[in-house]
Amino acid sequence: MFKRILIANRGEIALRVNRAAHELGVEVVQVYSTADKDTLPVKLADQAICIGPAPSAKSYLNMQSIIGAAQISGAEAIHPGYGFLSENADFARACVDNDLVFIGPSADCIDQLGNKAAAKDTMKKLGVPTVPGSDGPVESVEDARRFADEVGYPVLIKASAGGGGKGMREAHDADELAEQFNAARGEAKVAFGNDEVYLEKLIQRPRHVEIQVLADSHGNAMHLCERDCSIQRRHQKLLEEAPCPVLTEETRQAMGEAALKAVRGVGYQNAGTIEFLLDTDGKFYFMEMNTRVQVEHPVSETITGVDIVKEQLRIASGEPMTCISKAPMSPRCHAIEFRINAEDPAHDFRPCPGTVTRFDLPGGPGVRVDAFVRAGSKIPSTYDSLVAKLIVWGDTRDEALARARRALTEFNIEGIATTIPFHQKVLENEMFQRGTVYTDFIETEFSDVQF
């Protein structure tokens, strides 16, 4: 096991990695921007090094500064968290070139899976079900129209190097296609520096169901069951639960086997997530693979009892993962995660930076909160709006829902607007209570909801 690692991230994921490392007896070096100098991850680190001003490009995306901080601090490895450089193959390669371990998959794996069009082609060759789509990037509107005429409308235009909904547009007819195709390319260029897009047949009203996987250098690979991430707004996840309320045991097993086929087929090591679309007939299709720890990893930890971040550290240090003895996994409870963002749902979820004046956490049985703020913390406008994650669980889904209602009522944040009222409205919705939701649930069911 490493003696010292550097955390190249901020916020709640930096604190999460800090806690896992310290429990394993590993020292932590925390890098930070000037905007984050007073945050909890910085205060709880064994060493803290400022790597630049608030803008991400000058701090958390500055590879040279992060590598330099690791070298001067004596860190042996770098944990990238999620976002920022976590899925950047050049950064993973730079770590290795500077005798540092990248706590994640190899740069080659990131390259192979980071481009969505190439990843889909790889999965097709491995026999993993995929959505009907174009053979690689689509170069022109004319090529896009030929594809759409062949598979039928509606179609989905997606950035090859994309994620988080950037560069993703729907086209429901030929007139709409040209406009949306060019808009998707423009968004992709701005967000990722790459304007390549590909097309897929749009699956109507799907669920977003993903499989958490772990694989080590000793030939072990396993999955930690599934997560349902269908509650989204503009392709951004807001609530996740595990297990999926509508998944049959047969489909769960088939989806898990497909995920492991993908992992073994590309020689993947460390933690990752295979994301699938589940249609109304119960068929599932590969969507993409995230080559990092996910925001929603706590729901998988809760239903399986596996500490995913600790396993990341064990795998990266060359040790076998300890949870393999528990495979195959079955859900031992029902868990739900609520993303508490500094956003105002009463005003179209506009960002709400500011100073937190009160921060009262919920507690009691079946409640966990992953948060890096407290009263007096400043929420900058520079970064993602995630403030905390509330995770609840129970023996049944109904018990988890009851605990969620209680915990959200107890969770009191003042000074900024948050998404707590939104989550309370979701819990009141009959479709959600039945578990019959889909990825455009918020847009179609919440357009008239008052907060």
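1. Is C229 buried or exposed? C229 is buried, at a relative accessible area of 0%; here buried stands for under 20% relative accessible area, exposed for over 50%, and partly exposed for what lies in between (1.4 Å probe, protein chains only). Please keep in mind that this is a predicted model, in which local features need pLDDT of at least 70 and side-chain atom pairs count only at pLDDT 80 or more, while totals for chains, interfaces and linings use all residues. Residues are numbered from 1 along each chain as its sequence is written, and side-chain values use heavy atoms, with hydrogens and water left out.

2. On to the cysteines. A disulfide is a covalent bond between the sulfur atoms of two cysteines, and the test for one is a pair of cysteine sulfur atoms within 2.5 Å. The structure has zero disulfides. For C229, the closest cysteine sulfur belongs to C244 and is 9.7 Å away, too far for a bond.

3. Next, the nonpolar cores, meaning sets of buried Ala, Val, Leu, Ile, Met, Phe, Trp, Tyr and Cys residues joined through side-chain atoms within 4.5 Å. The largest core has 42 residues, and those touching the most other members are I231, F338, F359, L390, F411, F432 and F441. Among the elements that each supply at least two residues of this core are β11 (236-242), β14 (334-341), β21 (386-394) and α12 (397-410). Helices and strands are DSSP runs numbered from the N terminus (helices H or I, at least four residues; strands E, at least two). The most comes from α12, which gives five residues to this core.

4. F441 deserves a look on your screen. Setting aside neighbours within four places in sequence, F441 is in contact with I231, N429, M431, F432 and F446, where contact means heavy atoms within 4.5 Å. There is also a second, separate core of 37 residues, which includes V17, A21, Y82 and V293.

5. Rolling a probe the size of a water molecule over the atoms shows where empty space is left. On a 1 Å grid over the protein atoms alone, a cavity is a set of points where a 1.4 Å probe fits but cannot get out, whereas a pocket is an open set with protein on both sides within 12 Å along at least five of seven lines; lining residues have an atom within 4 Å of a point. Grid points are joined across faces, edges and corners, and a volume is the space filled by probe spheres set on the points. The whole structure contains two cavities of 30 Å³ or more.

6. The largest cavity has a volume of about 40 Å³, and its lining consists of R10, F372, I379, P380, Y383, D384, S385 and L386. The second largest cavity holds about 30 Å³.

7. Turning to an open site, the second largest pocket contains about 280 Å³ of space. It is lined by 15 residues, and R233, P345, D348, F349 and F446 are the closest to its centre. The lining of this pocket divides into eight nonpolar, three polar and four charged residues. In this scheme Ala, Val, Leu, Ile, Met, Phe, Trp, Tyr, Cys and Pro are nonpolar, Asp, Glu, Lys and Arg are charged, and the others, Gly among them, are polar.

8. Finally, some backbone details to check. Most residues other than glycine have a negative phi, and most peptide bonds are trans. The bond joining Y153 and P154 is cis, with omega about 0°, and the bond from A327 to P328 is cis with omega near -5°. R205, not a glycine, has a positive phi of about 45° and sits in the loop between β8 (197-201) and β9 (207-215). H235 is not a glycine either, yet has a positive phi of about 70°; H235 is partly exposed, at 36% relative accessible area.
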